[in-house]
Every structure is written in C-alpha cells, then in structure tokens.
Amino acid sequence: VVFDGPLKSTQKDVLNAFREGKEEQVIYVELEHGMGLGDSLRIGTDYCTGDYIFRMDSDDISHPDRFRLQAEFMENHPEIDACGTDIAEFDETPDDANRVRACPAEHKDIVTMSRTRNPMNHVSACIRKSALKQSGGYVKLLLLEDYYLWLRMIKAGAKLANINQSLVYVRVGNGFEQKRGSRLRITGWDFLQEYMVHNGFISRPRAFLNRVYIRGFVWTPTWVKKLLYDTVLRRKNARKAA
C-alpha cells in the first residue's frame, strides 16, 4: 500500500484495521510528500514479491472473485503477460452501476484499439512482474502512465488480454467527468502520439486526428462529456461476473 504523501489519521485507522494479523503480507510504503501516480506505482512495484501484480485504486471495489479468476486466467494462459477486465462504473454504490467500459479480449484487437484509445482498464490489471520489468516498468506521464505502459509492453513483445466480465466497480460519482477536462491530458496525449508514430503504431495523419480528438474532448463542457460517456464511450447495463 503506497501512501502518496501524508494520510489522515482516520485513513490510517482503516488501513491498520485491514492490516491487523497480516503484517508480513501487507507492506506500507510511506512517501514523505505526494509524487504522483507514476512514481508511486514505480516505487510500489519494487516492493511486490509475487509473480503477479494486481492494480486497483483505493476508492474502487473488486468483485469477490476477481483475483481468483484473473490468477486462474494467467495460469491457464502462460503466453499472456497482462490481463485486464471490463469495469462497471457507479455513483454511490456498486448496485448503482449502469455503464461498463469494455475492452477487446484478444491481443490483436487490443493493439488495434491502442492506436486511438487506452485498450485496457488499468484499475483491473493483473501483470506479470517479469514482463513489467522487461518493458521498463511504470514511467511518469501526466495522467497516462497506464496507456504508455501498454504501448511499451506491446513494443517489447508482451501479449495482452482482457476478460469481458465486470470484475472491478469504479466510482465515478466523485467528479469523474470534470477530471477528464484537465489540460495536462493534452500534453501527455501529444507525447503518446509521437511515441506511436516513432515506433510504427500509427501514421502521422492518424496522430493528427488523435490530437484533434483529445482537444475536442478536453475542451467540451462537462455535461457533454457525461453525455458522450453515457451514449458512446460506454455500454449500458453492467455485466456481473459469473
């Protein structure tokens, strides 16, 4: 558990209660000040001792069977280096989930999607630690550390997959759409376009269209973003895990 800067005492109380009796398994990595997601992930993965690294945010909820299902998938598919799942988005509680971000299951389709959009849900990822290290691990990139990681893993020859079940419930009732309006996203996005052009993922005309797309999206009002998520960028009716 990485503390990206000082925590409130109430937050530590919750974490300490969870850690009780599991002190050897649950490791705290306390950073003196906030360093951001990329650095926190890079530092945190150095403390992971298992073969697999599972990702999630502190305000998300994993399905009770998530880790078992993904671990079994990785065991049954040794050629796969990272496995994600669909995510169900909710406002207050998982019972409110009414839209799903689904990603393609097969590696070839993930590569195709990666040319225009992030092809995996980071909060649902299970990654082989060996493949993560081989691709250079997490690198800080202005809100897009995960997208950059998938591209670098693909370039390094890693194989990716997604399970089309909603195994993680993601809280979006906390300003999700507003956060997508950050201008920092444009800077990171432009960097990714140059990376993809340089490494043969996309052509320069495609990169230009991608740049136009992200600017249009970031600059639209929040209510328009919400409409796009509700009607175009997400699927209605969350699919529960079997």
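A crossing of two helices is left-handed if the near helix is turned anticlockwise from the far one by less than a right angle, and right-handed if clockwise. Helix 4 passes helix 6 in a left-handed crossing. Helices (H or I, at least four residues) and strands (E, at least two) are DSSP runs, numbered from the N terminus.

The model is predicted: local features need pLDDT of at least 70, side-chain atom pairs count only at pLDDT 80 or more, and totals for chains, interfaces and linings use all residues. Residues are numbered from 1 along each chain as its sequence is written, and side-chain values use heavy atoms, with hydrogens and water left out.

Two packed helices are described by the angle between their axes and the distance between the axes. Axes are lines fitted to C-alpha atoms, for helices over the stretch in contact, and angles run from 0 to 180 degrees between N-to-C directions. Helix 4 and helix 6 pack at about 125°, and their axes lie 11 Å apart. Helix 4 is therefore oblique to helix 6. Angles under 35 degrees count as roughly parallel, over 145 as roughly antiparallel, 65 to 115 as roughly perpendicular and the rest as oblique. In this pair, His107, Val111 and Ser114 of helix 4 meet Tyr147, Leu151 and Ile154 of helix 6. Contact here means heavy atoms within 4.5 Å. The residues of this contact are four nonpolar, two polar and no charged. In this count Ala, Val, Leu, Ile, Met, Phe, Trp, Tyr, Cys and Pro are nonpolar, Asp, Glu, Lys and Arg are charged, and the others, Gly among them, are polar.

Helix 6 also packs against helix 8, at an angle of about 10° and with the axes 11 Å apart. This makes helix 6 roughly parallel to helix 8. From helix 6, Tyr147, Tyr148, Leu151, Arg152 and Lys155 take part. They meet Trp189, Phe191, Leu192, Tyr195 and Met196 of helix 8. Eight residues of this contact are nonpolar, none is polar and two are charged.

A nonpolar core is a set of buried Ala, Val, Leu, Ile, Met, Phe, Trp, Tyr and Cys residues joined through side-chain atoms within 4.5 Å. Buried means under 20% relative accessible area, exposed over 50%, and partly exposed in between (1.4 Å probe, protein chains only). The largest such core has 33 residues. Ile127, Trp150, Met153 and Leu160 have the most contacts inside this core. Two or more residues each come from helix 4 (107-114), helix 5 (129-134), helix 6 (145-155), helix 8 (184-198) and helix 9 (204-219). Helix 6 gives the largest share, seven residues. Leaving out residues up to four places away in sequence, Met153 touches Asp81, Ala82, Ile127, Ala131, Ser135, Ala158 and Leu160. A second, separate core has eight residues, including Phe73, Cys83, Cys126 and Ala161.

Two leucines lie in the loop between helix 5 and helix 6: Leu142 and Leu143. Leu142 has a positive phi near 30° without being a glycine. Phi of Leu143 is about 75°, again positive in a residue that is not a glycine. Leu142 is partly exposed at 36% relative accessibility, and Leu143 is partly exposed at 40%.

Lys108 belongs to helix 4 and is exposed, at 59% relative accessible area. Lys108 and Asn98 are ten residues apart in sequence but 28 Å apart in space, C-alpha to C-alpha. Val100 sits in strand 6 (residues 99-101) and is buried, at 1%. Val100 and Val170 are 70 residues apart in sequence, yet 9.6 Å apart in space, C-alpha to C-alpha.
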